[in-house]
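Subject: Structure handover

Hello,

My notes on what turned up in it follow.

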Amino acid sequence: MDSSNVPAFTPKHAVPTGFRDYFSSASPFQRQLASVRKQTPFGQTPSRRKIPQCSPLQENIDPQKIAFLLHKQWTLYTLTPLYKFSYTNLKRYSTLLNSFLAAEKQKGLAMETGENCNFKVIFSTLSGMKGTHRDPVAFLVQIVSKSQLSSKNAEDKVVWTGWFCCVYGDSLLENVPDDFTCLPLFLANGAESNTALIGTWFQKTFDCRFTRLTISAFNLSWMAAMWTSCNLECYGAAMELLWSVPCSPQNLDISYAINPEDAKALWDSVHQTPEEITQEEVDLFIDCLCSHFHRHFKINLSATRLVYVSTSVASAHTDGKLKIFCSNYLIGVLAFLTELAIFQIE
């Protein structure tokens, strides 16, 4: 749903003056973002962060919905605030989006729901998917299909899922006007053709804009440190880091796997500040891993680019692909991604 796949929004009606002012450089929202960016000396990343913790609000999340979100590959997007969005109209939005997709499919536009399948769109809230009570309620959009040839008792198949959230984002978005709902992080799983069509409908309906959220090597190193610092009852797969080596005729990737208990022991040896992580600790953690690799393989990883991180908590790629494995730290992962999304809103 990047700019090359999603057409620019052309409003059906005259856009209100307040809406134009909202996106001007002088708007309170843009001034708030500018102020935050000036206060962060390390590019777009603060020099220290609190260690991710479980949110007490997370207890209100439906366990089945949490399980559904885990272990899937999500494509990340940033999203500008939704204009005139209302949580009381979710059933109506389901009907409108369903009609839009059916019309687009009749036109022959690419949409993947399976052959000989009826489909329907379902909007639902994700209660508890927030860091504070001020965060807007997250919501889920699903396309489910059922083959016309299957029995009446056959379960519907989910063919596309997208969810919108804002976790610990209230302090940055406190100046947003009442007519707007701020859910800057959007995650999609399913065919890109479906994502593009649904993005088009949201842009036309709520005057918003989607942009692919990429993750820099700098922020991947933060993810590696933060997720390694999490105290898990049991560790799963090895911690894996992937570096890309630019070369001709094609790039070469170097995969580096570390026993998760060894990675945690290394982190504990460099971590000095209780309840928070600093930039210096992140740099030292990655430098120690690179030094160890150089000592054994005589390869200097500082000449390459970190493109992928995987731990027992989650995995992330620089192209904006994410998987979440651990429900206990779901809120912590989303809080970091919300921060990145806010900074990359265009």
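Is Cys326 buried or exposed? Cys326 is buried, at a relative accessible area of 13%, where buried stands for under 20% relative accessible area, exposed for over 50%, and partly exposed for in between (1.4 Å probe, protein chains only).

Some conventions before the rest. This is a predicted model, in which local features need pLDDT of at least 70 and side-chain atom pairs count only at pLDDT 80 or more, while totals for chains, interfaces and linings use all residues. Residues are numbered from 1 along each chain as its sequence is written, and side-chain values use heavy atoms, with hydrogens and water left out.

Confidence

The protein chain has an average pLDDT (the predictor's confidence in each residue, from 0 to 100) of 82, and 78% of the residues score at least 70. Residues 1-28 have a pLDDT below 50; this stretch makes 41 contacts in the model beyond near neighbours in sequence, a contact being heavy atoms within 4.5 Å. Residues 36-44 are also below 50 in pLDDT, with 16 contacts beyond near neighbours in sequence. Where pLDDT is low, the predicted coordinates should not be read in detail.

Overall make-up

The protein chain contains nine helices and 15 strands. Helices (H or I, at least four residues) and strands (E, at least two) are DSSP runs, numbered from the N terminus. Of its 346 residues, 50% count as buried. Taking contacts between residues at least 6 apart in sequence, 72% join residues at least 24 apart.

Cysteines

There are zero disulfides in the structure, a disulfide being a pair of cysteine sulfur atoms within 2.5 Å. For Cys165, the closest cysteine sulfur is in Cys166 at 7.6 Å, which is too far for a bond. Cys165 is buried, with a relative accessible area of 0%. Cys326 is likewise in no disulfide, and the nearest cysteine sulfur, that of Cys230, lies 7.4 Å away.

Helix pair H6 and H7

Two packed helices are described by the angle between their axes and the distance between the axes. Here the axes of helix H6 (residues 217-229) and helix H7 (residues 260-270) come within 9 Å and cross at roughly 100 degrees. Axes are lines fitted to C-alpha atoms, for helices over the stretch in contact, and angles run from 0 to 180 degrees between N-to-C directions. H6 and H7 are therefore roughly perpendicular to each other; angles under 35 degrees count as roughly parallel, over 145 as roughly antiparallel, 65 to 115 as roughly perpendicular and the rest as oblique. On the H6 side the contact is made by Ala225, Thr228 and Ser229, and on the H7 side by Ala263, Lys264 and Trp267.

Two serines

Ser94 sits in helix H4 (residues 90-106) and is buried, at 11% relative accessibility. Leaving out residues up to four places away in sequence, Ser94 touches Val121, Ile122 and Phe123. Its side chain reaches the backbone nitrogen of Phe123 at 3.1 Å.

Ser315 belongs to strand S14 (residues 314-317) and is buried, at 4% relative accessibility. Its contacts, not counting residues up to four places away in sequence, include Trp227, Tyr308, Lys321 and Phe325.

Loops

Leu301 and Cys290 are eleven residues apart along the chain, and their C-alpha atoms are separated by 6.0 Å.

Lys298 lies in the loop between helix H8 (279-297) and strand S13 (305-310) and is exposed, with a relative accessible area of 63%. Lys298 has a positive phi of about 55 degrees although it is not a glycine.

Tyr168 also has a positive phi of about 55 degrees without being a glycine. Tyr168 is in the loop between strand S6 (157-165) and strand S7 (180-181), and counts as partly exposed at 41% relative accessibility.

Finally, His133 is in the loop between strand S4 (117-126) and strand S5 (138-147), exposed at 69% relative accessibility. His133 and Asp170 are 37 residues apart in sequence, with 9.2 Å between their C-alpha atoms.

Regards

Terms used: A polar contact is a pair of N or O atoms within 3.5 Å; within protein, one must be able to donate a hydrogen and the other to accept it, and residues adjacent in sequence count only if both atoms are side-chain atoms.
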